[in-house]
Amino acid sequence: MSSADSLEHLATREYKWGFVTDIEADSVPPGLSEDVIRLISSRKGEPEWLLAWRLEAYRRWLTMPEPMWSTVRFPLIDYQSIVYYSAPKQKKKLESLDEVDPRLLETYEKLGIPLAEQKRLAGVAVDAVFDSVSVATTFREELSKKGILFCSFSDAVREHPDLVRKYLGSVVPYADNKHAALNSAVFSDGSFVYVPKGVRCPMELSTYFRINAANTGQFERTLIIADEGSYVSYLEGCTAPQRDENQLHAAVVELVALERAQIKYSTVQNWYPGDAEGRGGIYNFVTKRGKCLGRASKISWTQVETGSAITWKYPSCILVGDDSIGEFYSVALTANRQQADTGTKMIHIGKNTRSTVVSKGISTGHGQNTYRGQVRIQKGADGARNFSQCDSLLIGPECGAHTFPCLEVHNPTATVEHEATTSKIGEDQLFYCQQRGISAEDAVSMIVNGFCKQVLKELPMEFAVEAQKLLGVSLEGSVG
Amino acid sequence: MSSEILLQVEGLCARAAGNEILRGLDLTVRAGEVHAVMGPNGSGKSTLANVLAGRPGVEVTAGKVLYRGRNLVEMAPEERAREGIFLAFQYPVEIPGVTNLYFLKAAANAVRKHRGLEELDAMDFLSLARRKMKLVEMDEKMMSRAINEGFSGGEKKRNEVLQMAILEPVLSILDETDSGLDIDALGIVSRGVNSLRSAERSMIVITHYQRLLDHIVPDRVHVLAGGRIVRSGGKELALELEEQGYAWIEGGAGAA
């Protein structure tokens with residue numbers, strides 16, 4: 001197998017875990033209208049103010065054009081064909097792992113996922129001994145001792161309405177963009193976190209430890225509030241593939257950091273990317289934004305994006321408080337016909353605010369990878385500093401990488417640095433590895449991991465190990 | 001000598017970048033022998049090294065290459081490596097973000113696995129690497145740096161010999177390992193190479209200069225010109241070349 005051949009294989013890698021669709025949903029008919037929104041709200045037993053907010057968002061959504069400024073290309077979405085509400089816990093449980101697609105299991109095996117976790121991910125009924133809920137209960141007790149609130153968004157609306165009402169839409173207003181407006185109108189559920197003053201959250205929070213985590217659906221909403229001097233690390237997603245029936249995902253994530261608070265938000269996204277021709281696959285249109293509201297607060301986004309047919313997301317930071325810090329570390333891998341348009345916005349408002357942007361784009365096959373970033377230094381942001389680094393790695397001749405950095409500096413005391421590189425995995429590098437006995441496949445994985453190292457080291461340890469394996473699996477061709 | 005024939009090259013013709021480079025090359029290397037290949041620029045020395053290692057883009061058009069009796073041309077580059085063929089690169093490649101240690105461990109374990117040996121864990125590998133680093137007087141700090149990234153010319157060549165020492169190849173091809181080395185580095189690299197010489201292990205040393213052969217003393221010296229070996233002899237042939245240059249050889253080759 002020559003290097004050129006293996007590049008060819010990598011370029012045409014297949015989604016190794018098939019795609020399972022077997023939901024029996026108690027859902028409302030397809031289509032979107034005020035009635036559907038009222039129905040969603042009433043089924044969830046929501047207060048009047050929230051329904052009013054949803055309806056305002058819906059009316060605004062009707063007037064908004066599709067965002068056409070990005071480089072991603074896809075047919076117009078037929079919003080009236082989407083089912084906007086299906087009751088939770090509809091997934092038919094499988095009896096055992098024997099019923100699961102063996103390719104899915106193979107992937108779990110490669111990622112080193114424990115058996116109980118494999119069952120949960122594949123949708124197999126989990127027996128009592130391995131019941132993840134009991135694990136979750138233990139964690140919940142520990143969290144509640146510290147006064148940390150961690151629950152589903154719906155629970156939060158019921159149990160902590162004041163906090164939700166105060167912060168919902170305060171970072172991402174419903175009028176922000178069309179996808180955010182849609183989410184605001186129809187969001188099904190999501191996660192809510194509140195960390196009280198001075199509390200350091202003792203564990204990485206992930207939806208895994210949250211009751212009712214199943215089936216949060218395609219319009220997920222997350223709100224995390226870190227009160228003064230607190231710290232929380234939140235993990236979103238999973239390196240393992242999960243079953244998903246929905247093509248359009250329009251999620252919203254809002255983070256609020258008060259004085260000296262720190263939020264670390266890590267994502268690994270591995271949704272179905274579509275087949276080699278680009279059919280099927282998830283449209284992942286996410287609005288993620290954090291507000292460093294208090295002085296010396298810090299918000300750090302780390303993401304590893306390997307899935308979805310289209311990824312459109314710009315986790316951003318609004319640095320309001322003086323001395324606050326925003327960070328964005330990203331790896332985006334596109335293969336086959338995948339398209340990713342991702343990046344960040346760092347808006348410097350407070351004095352001596354700092355931001356760091358490190359973006360690593362990897363393209364193979366016909367994959368198209370775009371970095372789009374904005375760094376804006378407002379008038380009053382004396383002494384603000386930004387460092388941005390955008391690197392692209394191309395594997396094979398058919399893929400593309402694009403970089404659109406935008407720097408707006410309105411304060412003469414600011415320091416802004418931008419570096420960008422584009423490189424190819426050379427046949428020389430591959431041959432060098434092969435000459436040492438390393439297979440072409442392992443060599444590509446090794447080179448890509450080396451390229452991403454700066455970002456991977458920002459992930460929590462266990463997550464980083466998984467992410468590294470995931471990059472390997474995602475790059476795998478049908479060699480051998 | 002009557003030791004086992006390790007490598008047998010007969011009538012080898014090869015093209016690279018559309019040009020016919022090797023035109024009927026014959027070479028026999030027995031176990032334990034060190035062969036020096038010398039010759040003017042463009043004579044095909046590096047192409048020979050690349051054919052043996054299986055570099056993509058170098059195409060064998062005629063002749064045969066047998067390694068331990070097997071048709072080498074049909075083997076993938078990584079299989080050749082695992083079977084004991086090692087190329088010390090003339091221009092070692094940089095791989096950013098991948099540490100030397102990680103790379104070497106992956107390589108060593110790929111080779112060990114192939115040979116039916118147990119793979120080494122991080123601790124065992126580190127102690128092996130430390131032992132071998134002494135051979136080439138390499139600082140341990142080099143192990144945590146990215147492969148060849150920001151290495152000086154001398155450091156890169158030492159790193160190649162370190163890899164050779166760790167992988168314990170059967171047939172090593174040193175492609176101008178002496179180029180770009182100062183006299184001290186040349187000594188270190190040569191000592192490293194010499195320590196690997198044994199009755200089972202063979203080497204093909206490609207060089208422009210006789211001075212390397214003062215350090216690594218060859219059993220045979222070959223002169224490559226116009227894609228063929230035009231003259232072979234003992235180590236004294238290298239001295240002769242040093243004095244007279246290649247012109248007389250090339251003239252002879254043309255007449256032959």
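N352(A) sits in the loop of chain A that runs between β14 (339-348) and β15 (354-364), where helices (H or I, at least four residues) and strands (E, at least two) are DSSP runs numbered from the N terminus. Although N352(A) is not a glycine, this residue has a positive phi of about 50°. N352(A) counts as partly exposed because its relative accessibility is 41%, given that buried means under 20% relative accessible area, exposed over 50%, and partly exposed in between (1.4 Å probe, protein chains only).

The model is a predicted one, in which local features need pLDDT of at least 70 and side-chain atom pairs count only at pLDDT 80 or more, while totals for chains, interfaces and linings use all residues. Residues are numbered from 1 along each chain as its sequence is written, chains are lettered from A and ligands numbered from 1 in the order in which they are written, and side-chain values use heavy atoms, with hydrogens and water left out.

**Chain B**

Chain B contains nine helices and 12 strands, and 52% of its 256 residues are buried. Of the contacts in chain B (heavy atoms within 4.5 Å) between residues at least 6 apart in sequence, 69% join residues at least 24 apart.

E176(B) is placed in the loop between β9 (171-175) and α6 (183-195) of chain B, and E176(B) counts as buried because its relative accessible area is 10%.

**The contact between the chains**

The size of an interface is often given as the accessible area lost when the parts come together. Chain B and chain A bury about 2100 Å² between them, with 64% of that area on carbon and sulfur atoms; buried area here is the accessible area (1.4 Å probe) that two parts lose on being put together, summed over both. The contact draws 33 residues from chain B and 20 residues from chain A.

Between chain B and chain A there are 13 residue pairs in polar contact, both residues being at pLDDT 80 or more; a polar contact is a pair of N or O atoms within 3.5 Å, where within protein one must be able to donate a hydrogen and the other to accept it, and residues adjacent in sequence count only if both atoms are side-chain atoms. On the side of chain B that touches chain A, at least two residues each are supplied by α2 (77-82), β6 (85-88), β7 (95-99), α3 (100-114) and α5 of chain B. The largest share of that side, six residues, comes from α3(B). The residues of the side of chain B that touches chain A divide into 23 nonpolar, five polar and five charged, with Ala, Val, Leu, Ile, Met, Phe, Trp, Tyr, Cys and Pro counted as nonpolar, Asp, Glu, Lys and Arg as charged, and the others, Gly among them, as polar.

Y432(A) lies in helix α10 (residues 427-435) of chain A. Y432(A) counts as buried because its relative accessibility is 0%. Leaving aside neighbours within four places in sequence, Y432(A) is in contact with residues of chain B including F89(B), P92(B), F103(B), I147(B) and E160(B).

**Salt bridges**

Over all chains, the structure holds 27 salt bridges, each defined as a side-chain nitrogen of Lys or Arg within 4 Å of a carboxyl oxygen of Asp or Glu. Two salt bridges are counted between chain B and chain A.

| Pair | N to O distance |
|---|---|
| R158(A) and D155(A) | 2.7 Å |
| D428(A) and R55(B) | 3.2 Å |
| R436(A) and E160(B) | 2.6 Å |

R158(A) and D155(A) both lie in helix α7 (residues 153-159) of chain A, three residues apart, about one turn of the helix. D155(A) counts as buried, with a relative accessibility of 16%.

In the salt bridge of D428(A) with R55(B), the pair crosses between chains, from helix α10 of chain A to the loop between α1 (45-53) and β4 (58-67) of chain B. D428(A) is partly exposed at 44% relative accessibility, and R55(B) is partly exposed at 21%.

For the salt bridge of R436(A) with E160(B), R436(A) lies in the loop between α10 and α11 (440-456) of chain A and E160(B) in helix α5 (residues 153-167) of chain B, so the pair joins two chains. R436(A) and E160(B) are both buried. Elsewhere, E34(A), R38(A) and R59(A) are linked in a network of salt bridges.
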